[in-house]
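Good morning, colleagues. Please turn to the sequence and the structure on the screen; I shall go through a few selected residues.

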Amino acid sequence: MMTIKPNYIVDLHSHTTRSDGADSPKEFICNAAALGMKVIVITDHDILPPDRIEVNGVMVDPVVYAEKKGMKLLLGIEFSCETLVEDVHIVVLGCDYTNPKIIEINQKIVNSKIYSYQKLLSVLADNGIDISWDEVINYNDIPRNPEDVQKKVIFNLMAEKGYTKTWSEAKLLIRNNPAFSVKREKPDPIDIINIAHESGGIAILAHPYLIDETVMTKDGLMSREAYIDKLIDAGLDGIEACYTYDKTTYNGPLSKEEIITKVKSVYSDRVKIISGGSDYHADYKKTDKNVRNIGECGVTLEYFNSNELLSKL
């Protein structure tokens with residue numbers, strides 16, 4: 001495990017092996033505790049969070065397990081939204097995950113993912129990039145159900161098999177090459193915001209500057225700012241400001257620090273939460289050397305405890 005001292009002891013964006021991370025939920029909790037974290041989340045992509053994890057052969061409540069290690073664990077989902085626009089992700093926290101609408105939208109997402117990812121592998125094979133579905137569902141020697149597969153696993157395999165240098169290069173290759181364009185049906189982010197609220201939770205827009213400066217939606221062409229305005233008008237609770245842009249596919253002109261400043265200045269009075277998170281994936285276990293660490297980005301404990309919505313989670 002990487003043992004770099006965290007910049008923040010509250011990290012509101014992380015992943016495990018339940019989607020495209022490399023730490024199991026137990027490993028993630030233990031690694032975070034070793035760093036002295038106080039608030040962490042499991043926000044795996046498009047999958048209901050775990051209500052039990054295995055510890056020494058016994059199934060235990062992950063929230064209780066984290067509490068015994070001195071941390072508050074929040075369970076969430078990072079929903080991939082907007083079929084026509086890349087990287088529109090809504091982090092949902094604090095929901096009743098047995099709510100029928102949450103379960104229904106999750107099943108729709110699962111069905112669209114399996115179909116589109118298998119189709120993408122076929123398209124890649126036609127273009128000389130040979131990755132099998134069996135390799136995907138058993139990535140890192142961890143057997144997965146088809147519904148738990150994430151697209152980043154395909155990116156990781158492309159890098160590990162030498163088709164690209166890094167997972168982020170693979171992501172950009174697929175994103176920018178029309179020959180590889182396989183769109184899966186994603187939910188409308190406004191529907192996700194509404195479902196989050198109906199099930200007692202909150203909705204936060206992740207990494208807003210990974211969204212293109214100009215986007216084409218079903219409502220037509222609009223700027224990133226106008227798109228975010230639409231989400232705020234629909235009841236968006238928060239926006240992620242502190243994020244590991246320098247370690248992802250962001251290629252805009254602003255530094256990570258400049259984005260933090262801009263998001264805070266533009267949106268602090270317009271949403272109730274200015275969030276932050278590392279988007280931790282345990283990259284240190286993979287080919288990527290530009291790793292994101294737990295607590296590298298986040299918010300202060302004082303901000304978390306004083307925030308009207310976060311403090312109630």
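I begin with Asp141, which lies in the loop between α4 (133-137) and α5 (151-160). Please keep in mind that this is a predicted model. Is Asp141 buried or exposed? Asp141 has a relative accessible area of 76%, and the cut-off for exposed is over 50%, so Asp141 is classed as exposed. Its backbone also deserves mention: Asp141 is not a glycine, yet its phi is positive, at about 60°.

A positive phi also occurs at Glu82, again a residue other than glycine, with a value near 70°. Glu82 belongs to the loop between β4 (72-81) and β5 (88-93). Here the relative accessibility is 6%; buried means under 20%, and Glu82 therefore counts as buried.

I turn next to Thr43. This residue sits in the loop that links β1 (39-42) and β2 (53-55). Thr43 counts as buried because its relative accessibility is 0%. Which residues does Thr43 contact, leaving aside its neighbours within four places in sequence? They are His13, Ser14, His15, Gly76, Ile77, Glu78, Val91 and Leu93.

Finally, I come to Ala226. Ala226 is part of helix α8, which covers residues 224-233. With a relative accessibility of 31%, Ala226 counts as partly exposed. How far apart in space are Ala226 and Glu104? From C-alpha to C-alpha the separation is 29 Å, and the two residues are 122 residues apart in sequence.

Thank you for your attention.

Note on methods
Residues are numbered from 1 along each chain as its sequence is written. This is a predicted model: local features need pLDDT of at least 70, side-chain atom pairs count only at pLDDT 80 or more; totals for chains, interfaces and linings use all residues. Side-chain values use heavy atoms; hydrogens and water are left out. Helices (H or I, at least four residues) and strands (E, at least two) are DSSP runs, numbered from the N terminus. Buried means under 20% relative accessible area, exposed over 50%, partly exposed in between (1.4 Å probe, protein chains only). Contact means heavy atoms within 4.5 Å.
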